[in-house]
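The sequence and structure come next.

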Amino acid sequence: MHELSIATAIIERAGELARADGAEAVSAVTVRVGELAGVVPDALDFAFEVARDGTALAGARLVVERIPAQAWCGPCAEEFAVGTPPFFWCPRCDHPSTDLRSGRELEITGIEPSPAPA
Ligand SMILES: [Zn+2]
């Protein structure tokens, strides 16, 4: 399962960040997941619950921030939602645009350290 390797990477990275901060454990980790990042949020939740056992994140919550996929339309000087699967065609002026401005994010945006493993 694809999400399991992502969850494992998130857990390892969050654990490293917590240790760099002098914390033993993490109580919550926030990740930003773009609509086009290829991650199914429910599957990621499930994978996180499986992968966190026995790590510094054993008692941690996973908070997922979903980022909608938006492309930029030059003629309109506005963003438009491309949806999934993406359709790079401005709904307002009918021009194509492949200038994707958001939607591919897959990043940790915050961790909540806790002093001891939960
Ligand atoms: Zn347009």
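## The β3–β4 hairpin

A77 takes a positive phi near 50° in the hairpin of β3 and β4, where four residues stand between the strands. Strands (E, at least two residues) and helices (H or I, at least four) are DSSP runs, numbered from the N terminus. A77 is a residue other than glycine and is found in the loop between β3 and β4. A77 is exposed, with 7 other C-beta atoms within 10 Å.

Strand β3 covers residues 70–73 and pairs with β4 in the antiparallel sense over four bridges. Two strands count as paired if DSSP finds at least two bridges between them. W72 has E79 of β4 as its bridge partner.

## Basis of the model

The model is predicted: local features need pLDDT of at least 70 and side-chain atom pairs count only at pLDDT 80 or more, while totals for chains, interfaces and linings use all residues. Residues are numbered from 1 along each chain as its sequence is written.

What kind of peptide bond joins T84 and P85? The bond is cis, with omega about -10°, and P85 lies in the loop between β4 and β5. D94 is found in the loop between β4 and β5. Phi of D94 is near 70°, a positive value in a residue other than glycine. D94 counts as exposed, with 9 C-beta neighbours inside 10 Å.

## Nonpolar cores

A nonpolar core is a set of buried Ala, Val, Leu, Ile, Met, Phe, Trp, Tyr and Cys residues joined through C-beta atoms within 7 Å. The largest one has 21 residues, of which A7, I10, A14, V26, V29 and L57 touch the most other members. Two or more residues of this core come from each of α1 (2–20), β1 (25–34) and α2 (41–51). The largest share, six residues, is given by α1.

Leaving aside residues up to four places away in sequence, V29 touches I10, A14, L57, A60, L62, I108 and I111. Another core, of seven residues, lies apart from the largest one and includes A69, A71, C73 and V82.

## Domains and their contact

The domain assignment, which is automatic or from a database, divides the protein chain into domain 1 (1–68 + 103–118) and domain 2 (69–102). Their C-alpha centres lie 30 Å apart.

Eight residues of domain 1 are in contact with seven residues of domain 2, contact being C-beta atoms, placed from the backbone, within 7 Å. On the domain 1 side, the touching residues are three nonpolar, two polar and three charged. Here Ala, Val, Leu, Ile, Met, Phe, Trp, Tyr, Cys and Pro count as nonpolar, Asp, Glu, Lys and Arg as charged, and the others, Gly among them, as polar.

How values were computed:
Buried ≥ 20, exposed ≤ 12 C-beta atoms within 10 Å, placed from the backbone. Contact = placed C-beta atoms within 7 Å.
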